[in-house]
Amino acid sequence: MHADDILSVSLLKYVNKDIKIIRTRDIPKDFKGVVADVGGGRYDHHNLDKIRTDGNGNPLILPSGETEVYAAFGLLCKDILPGIIGIKNYFLLDHQIIRSLDSNDNYGTFSDLAYFFSLFNPAWNEEKTEDQAFLEAVEYGLKFITELINKELARQKATPFVQSKIAKTTDHIL
């Protein structure tokens with residue numbers, strides 16, 4: 001259970017609170033839903049052909065020299081978040097949060113947020129199953145996603161409000 005999986009499902013639950021979650025690697029050929037992380041399809045990043053690019057279409061290169069690729073969470077965010085918070089603000093969150101989670105899932109680089117979600121993995125002496133722990137982590141992930149989006153939307157509303165107040169001052173000082 002990784003932060004990439006947890007936050008992918010959390011984002012899908014943000015978009016559709018009634019979404020049915022099934023954790024499996026055996027995807028039926030006639031399946032019509034969203035498959036994230038494994039199983040082929042649009043949000044399976046394990047074939048590593050989901051290359052991240054800059055605004056000009058150039059591949060992003062990690063300090064190690066490897067080409068940077070999306071993980072499932074990054075792919076879902078790329079498709080979903082611009083429609084909610086706008087493309088400019090999506091790129092800001094991508095740079096601040098999403099890329100580090102993708103890098104953690106693909107290359108094992110450290111991420112504070114990924115570490116937080118790793119704490120939901122059951123310890124050897126816990127009674128709960130991995131599926132129970134996953135669903136618990138998804139609820140925390142949903143809270144995180146909700147707050148992240150709400151704060152971004154509030155910031156967007158605040159900017160013109162503050163700018164209008166500054167414009168009404170004599171010295172542009174509030």
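# A tour of the helices and salt bridges

Start by selecting Lys151 and Glu147, which form a salt bridge in which the closest N and O atoms are 2.5 Å apart. The model on the screen is a predicted one. Both residues belong to helix α5, and because they are 4 residues apart there, about one helical turn separates them. In general, an α-helix has 3.6 residues a turn, so residues three or four places apart point the same way. Lys151 is exposed, at 52% relative accessible area, while Glu147 is partly exposed, at 40%.

Next, select the whole of α5. This helix has 38 residues and reaches 55 Å from its first C-alpha to its last, close to the 56 Å expected at 1.5 Å a residue. Now colour its buried residues: Ala133, Phe134, Ala137, Val138, Gly141, Leu142, Ile145, Leu148, Ile149 and Glu152. Their cover includes α1, α2 (72-85), α3 and α4.

Go to Glu130, in α5 (residues 130-167). Glu130 is partly exposed, with a relative accessible area of 40%. Leaving aside residues up to four places away in sequence, Glu130 touches Met1, Arg23 and Pro122.

Then select Glu136 and Lys128, whose side chains meet in a salt bridge of 2.8 Å, N to O. Glu136 is partly exposed at 32% relative accessible area, and Lys128 is partly exposed at 26%. How many salt bridges are found in a search of the whole structure? The search finds 5. One more to look at is between the side chains of Lys17 and Asp18, at 3.7 Å, N to O. Lys17 is exposed at 64% relative accessibility, and Asp18 is exposed at 61%.

Move to α1, residues 3-15. Its 13 residues should span 18 Å at 1.5 Å a residue, and its end C-alpha atoms are 18 Å apart, which agrees. This helix is mostly covered, with 11 of its 13 residues buried. Among the buried ones are Ile6, Leu7, Val9, Leu11 and Leu12.

Now compare α3. A straight helix of 21 residues would span 30 Å, but α3 spans only 26 Å between its end C-alpha atoms. Where does α3 bend? Select Asp94: the bend there is about 55°. Asp94 is also one of the buried residues of α3, a list that includes Tyr90, Leu93, Ile97 and Ile98.

Select Tyr90, also in α3. Is Tyr90 buried or exposed? Its relative accessibility is 1%, so Tyr90 counts as buried, the cut-off being under 20%. Not counting residues up to four places away in sequence, Tyr90 touches Tyr70, Gly74, Cys77, Lys78, Leu81, Pro82, Ile85 and Ile98. Tyr90 and Val15 lie 75 residues apart in sequence and 16 Å apart in space, C-alpha to C-alpha.

Follow α3 to Gly108, which comes after the helix and has a positive phi, near 80°. Finish at Phe110, in the loop between α3 (87-107) and α4 (112-118). Phe110 is exposed, with a relative accessible area of 62%. Show the surface here: Phe110, Tyr115, Phe116, Leu119 and Tyr140 make a nonpolar patch of about 580 Å².

How values were computed
Residues are numbered from 1 along each chain as its sequence is written. This is a predicted model: local features need pLDDT of at least 70, side-chain atom pairs count only at pLDDT 80 or more; totals for chains, interfaces and linings use all residues. Side-chain values use heavy atoms; hydrogens and water are left out. Patches are made of residues with over 30% relative accessible area and no salt bridge: like charges are joined within 9 Å, nonpolar side chains (Val, Leu, Ile, Met, Phe, Trp, Tyr) within 5 Å. Accessible areas come from the Shrake-Rupley method with a 1.4 Å probe; for residues, only the protein chains shown count as cover. A salt bridge is a side-chain nitrogen of Lys or Arg within 4 Å of a carboxyl oxygen of Asp or Glu. Helices (H or I, at least four residues) and strands (E, at least two) are DSSP runs, numbered from the N terminus. Buried means under 20% relative accessible area, exposed over 50%, partly exposed in between (1.4 Å probe, protein chains only). The expected span of a helix is 1.5 Å times one less than its number of residues. The bend at a residue is the angle between axes fitted to the seven residues ending there and the seven starting there. Contact means heavy atoms within 4.5 Å.
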